[in-house]
Amino acid sequence: MSEPLLSVRGVTTFYGRVQALKGVDLDIHDGEIVTLIGANGAGKSTLMMTICGNPQARDGVIMFAGRDITRLPTHEIARLRLAQAPEGRRIFPRMTVLENLQMGATVADPAMFARDLERVLELFPRLKQRLAQRGGTLSGGEQQMLAIGRALMSRPRLLLLDEPSLGLAPLLVRQIFEAIRLLNQQDGVTVFLVEQNAYHALKLAHRGYVMVNGRITLSGKGRELLERPEVKSAYLEGARLQ
Amino acid sequence: MEVFLQQLINGVTLGSIYGLIAIGYTMVFGIIGMVNFAHGDVFMVSAFVALIAFLVLTAWAGISSIPIALLIVLAAAMFFTSLVNWVIERVAYRPLRGSFRLAPLISAIGMSILLSNFVQVTQGPRNKSIPPMVQGEIVLYRHNDYPVTLSYKQLIIWFVTAALLVSFWYLVARTKLGRAQRACEQDQKMAALLGVDVDRTISMTFVIAAALAAVAGTMYLMYYGVVSFSDGFVPGVKAFTAAVLGGIGSLPGAVVGGLLIGLIETFWSAYFSIDYKDVAAFSVLAITLIFLPQGLFGRPDVEKV
Ligand SMILES: Nc1ncnc2c1ncn2[C@@H]1O[C@H](COP(=O)(O)OP(=O)(O)O)[C@@H](O)[C@H]1O
Ligand SMILES: [Mg+2]
């Protein structure tokens, strides 16, 4: 196989004395959707943020597009067009939807703005009527769409999505997952998706990783992982009923 | 009525100066959550830069056109004061970011003392004065021999303040830098994830705050014709009061607060007692903090969880 777009090798991360990542290895190739599942507190969000340099890894190496980004400051990693829609959405509440999207285009070529905006509004038509509204007044689902749209405005080579379905009604969850699929298939965006909603995520993803307590314990093709008994018992019980 | 109108004119003039300084307090507070106690002294330094620039221009360079001299003085004051504030942020505040909350405040008090002492030592402890830059006035109307006047100085202050506020508003509301600044105020971690250089944005905030203080300093010097090393303190506290009254963190609040403090001060001096005018302004600070801690334009938090 060719060199991965993102490779994480032996990464450890600490919050003070608490070790959240205990040596993580993971690869993402161009064009893939890769998902990471795991229980609450396993370290999924920490891995996402460590890839973006906040907090920085204590040991290990993170390579992106052939560059070592382990010690780069967060804003410089963003300039390499690695975008994240982080946990909790983090919409700028006192900025309008349009301004939030403009913030997403911070590292993008200004000439592309109109076209990229159009694409985002095509994916998430609900944002269109809300462009002049403050981010903080959107509903949870709209905020999630805005968070993903904002990340897309940089034309990312790799898009990190941290629990985009959290707290959303099933219909909205389906819309978000459909948007991710379209992005990957039509726009060729590589996606790294963290999910608690393991069933949907594994069905959508080409490959998946399972994280337990700061370590990767399982990996494989998305649909294969779905059939694994340890995944079924730990992450899928009842999930299908949704 | 004539007294009232005259005080209105004077109060708006004074209030413009306070408003320009207050913006600096409110911007810095907005982005790093710190009351920059040295800001009043930055304002004072700018008045000295303006004074030196004016003397150099008129005495040595022999520039006699007042509008040109005033423009150059303004530019010089804005440039050097911005530089000073940029350095202050780098050496005195940035290394303390992430330290305990009081650390940058203490450092700011230290910077305040350093600036006023430095000016005292290098410029002397006495008032420094300049020959009047601008003279003349317009008599708006006269009643029973009491003229209501608008001096050219006041007109210049109004005009310059208005022009700067418009450009400043444009910068904050419509440019990429302004957006980055507001983003950093709301969520620095997210701003960085989107590619905003947070450190640089904070630096620029100090530069802009100082530039506006320098406009105030130049206007102050032109208006009163004198400045002393201790002139950072009282205008500084009043501008801070203005920022608190308007709602610290709110830019329109700083401007409105500045105007209100200017008006309160002049009306108090005219109708009650000029000796207690500073007390009036400080009472406003105390009353605001007790009864309206979020200020007039206090942030309506619309965040949903
Ligand atoms: N900012 C933080 N400071 C200290 N500990 C943290 C912080 N963020 C997360 N942790 C801890 O690190 C571990 C992993 O958390 P997290 O990465 O958020 O897990 P997940 O996203 O898988 O739910 C947890 O034990 C959590 O308590
Ligand atoms: Mg998480």
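The contact takes 26 residues from chain A and 24 from chain B, where contact means heavy atoms within 4.5 Å. This is a predicted model, in which local features need pLDDT of at least 70 and side-chain atom pairs count only at pLDDT 80 or more, while totals for chains, interfaces and linings use all residues. Residues are numbered from 1 along each chain as its sequence is written, chains are lettered from A and ligands numbered from 1 in the order in which they are written, and side-chain values use heavy atoms, with hydrogens and water left out.

Chains A and B bury about 2,500 Å² between them, 59% of it on carbon and sulfur atoms. Buried area here is the accessible area, with a 1.4 Å probe, that two parts lose on being put together, summed over both. Of the area that chain A buries against chain B, A:Arg90, A:Phe92 and A:Arg94 supply 26%, more than any other three residues.

Next, A:Thr106. A:Thr106 lies in the loop between helix H3 (97–104) and helix H4 (113–123) of chain A; helices are DSSP runs of H or I, at least four residues, numbered from the N terminus. With a relative accessible area of 14%, A:Thr106 is buried, meaning under 20%, against over 50% for exposed and in between for partly exposed (1.4 Å probe, protein chains only). Neighbours within four places in sequence aside, A:Thr106 touches B:Lys176, B:Leu194, B:Gly195 and B:Val196.

Now helix H6 of chain B, residues 176–186. Nine of its 11 residues are buried, so the helix is largely enclosed by the rest of the structure. Among the buried ones are B:Arg179, B:Arg182 and B:Cys184. The cover over them includes H3 of chain A, together with H1, H5, H7 and H8 of chain B.

Last, a helix pair in chain B. H10 (251–271) and H11 (277–291) pack at an angle of about 140°, with their axes 9 Å apart. Axes are lines fitted to C-alpha atoms, for helices over the stretch in contact, and angles run from 0 to 180 degrees between N-to-C directions. H10(B) and H11(B) are therefore oblique to each other: under 35 degrees counts as roughly parallel, over 145 as roughly antiparallel, 65 to 115 as roughly perpendicular, and the rest as oblique. On the H10(B) side, B:Ile261, B:Ile264, B:Glu265, B:Trp268 and B:Ser269 meet B:Lys277, B:Ala280, B:Ala281 and B:Val284 of H11(B).

Conventions
Helices (H or I, at least four residues) and strands (E, at least two) are DSSP runs, numbered from the N terminus.
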